[in-house]
Amino acid sequence: MRKKRKGKLTQKIGTPPGTLIYTGDNKDVKPRIRVFEFDEESYKEKELSSLDDWDFSPDSGTVYWVDVVGLSDSEELFRKLRDLCGIHLLVLEDVLNVNHRPKAEYFDDYIFVILKMLTYADDNGVGVESEQVSLIWGSNYVVTFQEREGDVFEGIRDRIRNNKGIVRKEKACYLAYLLIDSVVDNYFAVLEKLGERVEEFEELVITDPSYEIVGNIHNLKRELIELRKSIWPLREVLGVLYKGDSDMIKPCAVYFRDVYDHTVEIIDIVETYREMASGLLDVFLSSLSNKMNEVMKVLTMIATIFIPLTFIAGIYGMNFKYMPELDWKWGYPLVLIVMVFISICMVLYFKRKRWF
Amino acid sequence: MRKKRKGKLTQKIGTPPGTLIYTGDNKDVKPRIRVFEFDEESYKEKELSSLDDWDFSPDSGTVYWVDVVGLSDSEELFRKLRDLCGIHLLVLEDVLNVNHRPKAEYFDDYIFVILKMLTYADDNGVGVESEQVSLIWGSNYVVTFQEREGDVFEGIRDRIRNNKGIVRKEKACYLAYLLIDSVVDNYFAVLEKLGERVEEFEELVITDPSYEIVGNIHNLKRELIELRKSIWPLREVLGVLYKGDSDMIKPCAVYFRDVYDHTVEIIDIVETYREMASGLLDVFLSSLSNKMNEVMKVLTMIATIFIPLTFIAGIYGMNFKYMPELDWKWGYPLVLIVMVFISICMVLYFKRKRWF
Amino acid sequence: MRKKRKGKLTQKIGTPPGTLIYTGDNKDVKPRIRVFEFDEESYKEKELSSLDDWDFSPDSGTVYWVDVVGLSDSEELFRKLRDLCGIHLLVLEDVLNVNHRPKAEYFDDYIFVILKMLTYADDNGVGVESEQVSLIWGSNYVVTFQEREGDVFEGIRDRIRNNKGIVRKEKACYLAYLLIDSVVDNYFAVLEKLGERVEEFEELVITDPSYEIVGNIHNLKRELIELRKSIWPLREVLGVLYKGDSDMIKPCAVYFRDVYDHTVEIIDIVETYREMASGLLDVFLSSLSNKMNEVMKVLTMIATIFIPLTFIAGIYGMNFKYMPELDWKWGYPLVLIVMVFISICMVLYFKRKRWF
Amino acid sequence: MRKKRKGKLTQKIGTPPGTLIYTGDNKDVKPRIRVFEFDEESYKEKELSSLDDWDFSPDSGTVYWVDVVGLSDSEELFRKLRDLCGIHLLVLEDVLNVNHRPKAEYFDDYIFVILKMLTYADDNGVGVESEQVSLIWGSNYVVTFQEREGDVFEGIRDRIRNNKGIVRKEKACYLAYLLIDSVVDNYFAVLEKLGERVEEFEELVITDPSYEIVGNIHNLKRELIELRKSIWPLREVLGVLYKGDSDMIKPCAVYFRDVYDHTVEIIDIVETYREMASGLLDVFLSSLSNKMNEVMKVLTMIATIFIPLTFIAGIYGMNFKYMPELDWKWGYPLVLIVMVFISICMVLYFKRKRWF
Amino acid sequence: MRKKRKGKLTQKIGTPPGTLIYTGDNKDVKPRIRVFEFDEESYKEKELSSLDDWDFSPDSGTVYWVDVVGLSDSEELFRKLRDLCGIHLLVLEDVLNVNHRPKAEYFDDYIFVILKMLTYADDNGVGVESEQVSLIWGSNYVVTFQEREGDVFEGIRDRIRNNKGIVRKEKACYLAYLLIDSVVDNYFAVLEKLGERVEEFEELVITDPSYEIVGNIHNLKRELIELRKSIWPLREVLGVLYKGDSDMIKPCAVYFRDVYDHTVEIIDIVETYREMASGLLDVFLSSLSNKMNEVMKVLTMIATIFIPLTFIAGIYGMNFKYMPELDWKWGYPLVLIVMVFISICMVLYFKRKRWF
Ligand SMILES: [Mg+2]
Ligand SMILES: [Mg+2]
Ligand SMILES: [Mg+2]
Ligand SMILES: [Mg+2]
Ligand SMILES: [Mg+2]
Ligand SMILES: [Mg+2]
Ligand SMILES: [Mg+2]
Ligand SMILES: [Mg+2]
Ligand SMILES: [Mg+2]
Ligand SMILES: [Mg+2]
Ligand SMILES: [Mg+2]
Ligand SMILES: [Mg+2]
Ligand SMILES: [Mg+2]
Ligand SMILES: [Mg+2]
Ligand SMILES: [Mg+2]
Ligand SMILES: [Mg+2]
Ligand SMILES: [Mg+2]
Ligand SMILES: [Mg+2]
Ligand SMILES: [Mg+2]
Ligand SMILES: [Mg+2]
Ligand SMILES: [Mg+2]
Ligand SMILES: [Mg+2]
Ligand SMILES: [Mg+2]
Ligand SMILES: [Mg+2]
Ligand SMILES: [Mg+2]
Ligand SMILES: [Mg+2]
Ligand SMILES: [Mg+2]
Ligand SMILES: [Mg+2]
Ligand SMILES: [Mg+2]
Ligand SMILES: [Mg+2]
Ligand SMILES: [Mg+2]
């Protein structure tokens, strides 16, 4: 989740509305376009070199899923989408602005949704990774956009190909629901990883607190803040969707409400983690203070026992001519006894004060 | 309340909607089905091996309570429920997803409610334990689902069997109310236990603060956070119920409002405990700082009194040939007097500064 | 406000709705029932042994105040109230549940209100004490319930007896208003006491911070949290009342709005106190840190000045045969001068660093 | 803003509604009544000894401003106001209760507003001072009440006398607006003073943190809390006013909206100051911790360098008969060289650890 | 963003409503007035010395942009604006009050919007700089006001001159949108700079915490607080605009909604930065505590090892006549061995306690 922010926020400054600038990192890649056409009986899957080859019949019973991967170099593609489906220029601009906040917008003929697809990259130490997915769906088509190969939709493609479940029997909104649900489901995988880290830190901070944990807790908190930034608007998006009364929503409203439930649950979990992570730093500080207390007690006990004894030894190390004690026969053992007595008193004093 | 989260959040990823997967721990148990049939005059209680044996007459004056315990291996059962009562597949999916957030949903013919049944297991050190209970009720039936044997409904079964109270005179919604009320009532037992721990820690942190308490307070805070996660949606659930104008609610609205009152009270108590628990760590830190202050004062007083004295003794321990004081007759007693004088000054200085 | 919570929350678990259990401490007391009957001209006051003796004429111009003290042993009383005024069983259950949250409920023929009557017991160190007062009023009667003798209504009884103010000219709702107003007014007395403690602690924590204050501040915070738990629902109650359009409210709406004003003011004050009390612990921690700094500076100055000097004395206390300085005539005074010089340097260094 | 709270909150306890008790400090002062009568052409200003002398014509085109200063001894005055303008007794009670929360209330024939007039008394160290101002206005009159001589209305009196601006051309609500606006405008003067203190403390806490600042910051926070208590209800008041559709508001709604803007701005500023003041204590604690660190480093360096050296000197100060080193010719210089070497090592160690 | 607040808040006190006082710093500058007239075919750009020279035809198809720079000395200008476009005096007052909160107001014939144009001045160390921009637009004109030369509108002037984009084809509201969008876009540039500072401090506080960072973090927090004060009302402004159903909004509503999206995003980012900045101080305090712990451990280890040894050396430095050990042949090596043994014990003890 940690990338250099350099320039990320400023690329669109000064551009007129509707300027189609791709703001992500995956430049100079030709978009790969696949079209899935299906109804209950038949199914076709084509890879198109251009959208010109898409034979789209708007009001037929066939459902089309146009699956676009790669957003640079896509002006041609977008121009045709406008012609075929009548998508507003500002929508296409938002598709290309891959730093956009999740949102849902209703239009007369289609619905536009931006989501963040999260994955947790364990091995390379990056933690949570985020890719923007945009969906546009009308009465019988769904268009999805993503930046890079690799997504969480493989299971859905499978169900279409093999006519599993009811996806081939339902309308486009059901496909849209499936896609959104599968993005949202994956948040739980990310949360599980973060939850493991929270628990690991909780364990560590109590049993074996070391300073490295501060940086780790701070990073965890930052990741949770970032995560929350994706998730709160996600809930808004789904709240907007399941309550919507558009024709592109109604037949699937009960499904969208189910996904909405999940987003509420995700927020609950994130907020719980955040509270726990916040508490961890306080616990660490307590344990640090406690350790310091222990260290100080050791120092104080040693110093308090030996400094007076050393002083007494210093007294009888003075070179005065006339020091009667020095000539006593029992002077030396007497002094030793006095010293032992003082030590015992001190130790008893510390015992009573329960310093050890 | 502390379980390994391993896999808990991720089991449903990739499954199509309506996939009936039980997500809990109590697997490989055949569901035990009991049916209570009753009206004002008669009462029957049967244990069924399959729901086929349930002779359900939808529009009769009889009320049916189908009490299901054990959720694994329940596909057969659920298929029949769909046939008999027309329950939506997504509802049945949620019944099996025992990590679901509490919620209430209205349908045309029935109401669906998910609750968390909390119990406090004192003896084995686990603290708060949670089991998901789902209720579905229509005009003359209630179906309840739980994972494990053992619940808080025994008193209600008793009232049905012995015709105590008005339960046999009322409709299905009154039975649903009784079940929900008895789940909610049990929250007070959990709160009482937690309240005792809060008070115990409050006592300890002032009178005898030791480091172990930090871990205990942190655990308490985590349990309260978890508890709150069950309770806030519970209030929503009951707010939704008592304000509802469905036929399955209206006759019992006044009762649901009474339970709603209780949930508001529970939230008040949980939030109070949370605030107190938060304050405890601050009090502990204060007491730690205070102790450190005491330790430092002891060290400083000892060091400040004896280090200068030791220095003076060191002076007269030097071996210079020409040190006139060493030859004085009263040199030694004079030095001792000077040392006593310095000590007295120091002690007075600390007295004035109120260090002891 | 501090009582053992033992069992307080759990007494009602398992009871059917409408079970009339008194949940307070003042058991085995026969309720004392007084009835005040009055209209503009006449006035009667009777102590009844049973409600049978109450000659209640529902639609007359007379206003009745039934003043019940003591809630145990009240089943008989409640049965008659149901007969005479048609009070719902759940209402009577809430009257007996003296740990209930303040609330207001509208019914067709009457209004039901639960309040907490607060008093501040200075002498016995208990702090804020709370007693539940319930009111039920219809068009021409008011019933009040309290647990123990002693209340804040004596002034109102006086006004009825002596026909002071307009209470004998107005309807039952005006009497209800007077009773509620006089409960709410007393909150200011409690707040004044708490405000004095806040100010006292503010003074102490700056001028003479000692560790005992931490416990005191924590107790104060807990009392304020408890207080808030009574007061927020109180505001809700009065908001519900003054906006109500029931016949039992309308003629007195302007008065209820006046009490509502007071509750808003009370909340303002409580929240202010809470913020101040929260800040106090931070101030105490600052003052503790500051004191520790002072202590450490004293230690460091003493140690830093005398440790090097003692080292020099140690050097010339060594017994090497060949140490030329020891034989110098001015060796001893020279060493003393060097020591004085080092001390002055150190003192100047600390001065420059502004350590004293 | 700091006064003894003694008795301030409790004076009204036990009084019937509409009891006209002045709750402020400025007792035993006869109210001074001035009346300004004006329309576009004419203007009269009279000081009345009693309201009997006010010749008020309710429906004329003349606007009357009755300017009352001093609230004790005002029963006579209030009785006449009730007769002339029909003001409700509860309103007059609130006018006299000078600790009332700011509020606005609509009545059929008039509007009632309570405000706090704030001034900042720099010289006598009191800080923010507050005086309650009440306004009642009808279609052609405005009555204002204040406790003491001295207000922020002199400019408005001037504009009336000299027919500046449009005040003589407009209705009573415009005069009311002018009065409220001039009270609100003065909040900015108070904020400016507080802002200077915030900035001064910010400077101090970084550059020259001393313990006195904790008390000062705490006082500042308390003043800001008190200020906020006046300002949030003030915004409510003006929100209520500018949205009102009463005849006493409508012609001036655009003006009230302008003042509303100001109150929103004032809240923004107060909240900003509060956040800054809260942060200051944390900064102070950091700087204290940092200083402690510096002090500890000095102590540790001195101790760590000299304690081992003193030990070595102690070794050769022992009086054993058989210590070969003591007889070596180069024993003494060798020991000195060893000591210098150890010191250099220590210093290098601290350098590497970047302790100075 | 840091200017002396001296007098900034108090200049308008005592002035009647509609007093046209410029409250900014850029005094004694004659306003520079430029008018852009355009429709799809033609385009004219004039610099006017007075608004008298503006030939404005209210209901034509031409769009006029009156671009005013410099607000002092503008009474003449404003008088004419009132005559030509019927702008309310209070609006013009707000234009001149350059410390005004961002807001949007609807009037019958025009819309009035106040914004803050932010720029980040890197080089001179000032950080965020703010300039107030006011817009008034009617059906076919837009008037903009700013204080100083230099703005973010150059790109828009360019598009008008060269007929780029659709600005010459659209109505006045589209121009207004372009202007607002370009102000809002620039916030991202400011955020990017602040984000870099947040990340820099995060890095520093973990890897190399030094005390200067406290002041820097505090300044950053203050800037973020100030920033938030501009941005929250900005969102309100745009929320008001895009939901508006005035004729001056409707044709461009989709565009205003797009800018609204951006403001929501900006708030997300600012709040994220604020949370991160808040966490930084806690991390710094942890690292300070940790360092102190390290320092204390070094001191304690050195002291604990050498103080007992020095004491032993002191014992045998005493000058008693009868100390048998001194005469032993192996006394000296024996003592040395004992000392080495004690040191090893101590080191092992610290090892076991994991102090190094
Ligand atoms: Mg732009
Ligand atoms: Mg955009
Ligand atoms: Mg991808
Ligand atoms: Mg799902
Ligand atoms: Mg579901
Ligand atoms: Mg914290
Ligand atoms: Mg799924
Ligand atoms: Mg589900
Ligand atoms: Mg069970
Ligand atoms: Mg109950
Ligand atoms: Mg109840
Ligand atoms: Mg909180
Ligand atoms: Mg805290
Ligand atoms: Mg019950
Ligand atoms: Mg109850
Ligand atoms: Mg009582
Ligand atoms: Mg009152
Ligand atoms: Mg009042
Ligand atoms: Mg009263
Ligand atoms: Mg009052
Ligand atoms: Mg005055
Ligand atoms: Mg003003
Ligand atoms: Mg204005
Ligand atoms: Mg706060
Ligand atoms: Mg704090
Ligand atoms: Mg003004
Ligand atoms: Mg203004
Ligand atoms: Mg400019
Ligand atoms: Mg933009
Ligand atoms: Mg956009
Ligand atoms: Mg903090």
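Over all chains, the count comes to 155 salt bridges. The model is predicted. Two interfaces stand out for discussion here: chain C with chain D, and chain B with chain A. Each buries about 5700 Å². A magnesium site draws on Asp258(B) and Asp94(C).

**Salt bridges within chains**

- Asp67(B) and Arg34(B) pair through their side chains, with N to O at 3.5 Å. Asp67(B) sits in strand S3 (residues 63-69) and Arg34(B) in strand S1 (residues 32-38) of chain B. The two are 33 residues apart, so the pair links distant parts of the chain. Both Asp67(B) and Arg34(B) are buried.
- Asp94(B) and Lys103(B) also form a salt bridge, at 2.8 Å from N to O. Asp94(B) has a relative accessible area of 3%, so it counts as buried. Lys103(B) is buried too, at 10% relative accessibility.
- In chain C, Arg101(C) meets Glu236(C) in a salt bridge at 3.8 Å, N to O. Arg101(C) lies in the loop between H2 and strand S4 (103-106), while Glu236(C) lies in helix H5 (residues 212-243), so the bridge ties together parts that are 135 residues apart in sequence.
- Arg101(C) is buried, at a relative accessible area of 15%. Glu236(C) is partly exposed, at 46%.
- Chain A holds a network of salt bridges. Its members are Arg34(A), Glu45(A), Asp67(A), Asp151(A), Glu154(A), Arg157(A) and Arg161(A).

**Interface of chain C and chain D**

- Contact involves 64 residues of chain C and 66 residues of chain D.
- The buried area is about 5700 Å², and carbon and sulfur atoms give 62% of that area.
- Chain C and chain D share 8 salt bridges. One of them joins Lys103(D) to Asp261(C), with the closest N and O atoms 2.4 Å apart.
- Polar contacts between chain C and chain D come to 15 residue pairs, both residues at pLDDT 80 or more.
- On the side of chain C that touches chain D, the elements giving two or more residues are helix H4 (172-207), helix H6 (253-315), helix H7 (324-327) and helix H8 (331-352). H6(C) gives the largest share, 34 residues.
- By class, that side of chain C has 33 nonpolar, 13 polar and 18 charged residues.

**Interface of chain B and chain A**

- Here 66 residues of chain B are in contact with 64 residues of chain A.
- About 5700 Å² is buried between chain B and chain A, with 62% from carbon and sulfur atoms.
- Leu9(B), Tyr211(B) and Tyr332(B) supply 13% of the area that chain B buries against chain A.
- The interface of chain B and chain A has 8 salt bridges. Among them is Arg222(B) with Glu202(A), at 3.2 Å from N to O.
- The polar contact count between chain B and chain A is 15 residue pairs, both residues at pLDDT 80 or more.
- Elements giving two or more residues to the side of chain B that touches chain A are helix H2 (89-96), strand S4 (103-106), helix H5 (212-243), H6, helix H7 (324-327) and helix H8 (331-352). The largest share, 17 residues, comes from H6(B).
- That side of chain B divides into 32 nonpolar, 13 polar and 21 charged residues.

**Magnesium site**

- The magnesium ion (ligand 15) is 2.6 Å from the magnesium ion (ligand 11).
- Asp258(B) belongs to helix H6 (residues 253-315) of chain B and Asp94(C) to helix H2 (residues 89-96) of chain C, so the pair joins two chains.
- Both Asp258(B) and Asp94(C) are buried.

**Asn140(A)**

- Asn140(A) is in the loop between strand S6 (127-137) and strand S7 (141-146) of chain A.
- Its relative accessible area is 5%, so Asn140(A) counts as buried.
- A polar atom of the Asn140(A) side chain lies 3.2 Å from the backbone oxygen of Thr62(A).
- Leaving out residues up to four places away in sequence, Asn140(A) touches residues including Phe56(A), Pro58(A), Thr62(A), Tyr64(A) and Ala172(A).

How values were computed: Residues are numbered from 1 along each chain as its sequence is written. Chains are lettered from A and ligands numbered from 1 in the order in which they are written. This is a predicted model: local features need pLDDT of at least 70, side-chain atom pairs count only at pLDDT 80 or more; totals for chains, interfaces and linings use all residues. Side-chain values use heavy atoms; hydrogens and water are left out. Contact means heavy atoms within 4.5 Å. Buried area is the accessible area (1.4 Å probe) that two parts lose on being put together, summed over both. A salt bridge is a side-chain nitrogen of Lys or Arg within 4 Å of a carboxyl oxygen of Asp or Glu. A polar contact is a pair of N or O atoms within 3.5 Å; within protein, one must be able to donate a hydrogen and the other to accept it, and residues adjacent in sequence count only if both atoms are side-chain atoms. Helices (H or I, at least four residues) and strands (E, at least two) are DSSP runs, numbered from the N terminus. Ala, Val, Leu, Ile, Met, Phe, Trp, Tyr, Cys and Pro count as nonpolar, Asp, Glu, Lys and Arg as charged, and the others, Gly among them, as polar. Donors are N, O and S atoms within 2.8 Å of the metal (3.2 Å for Na, K and Ca); water is not among the atoms, so sites may look incomplete. Buried means under 20% relative accessible area, exposed over 50%, partly exposed in between (1.4 Å probe, protein chains only).
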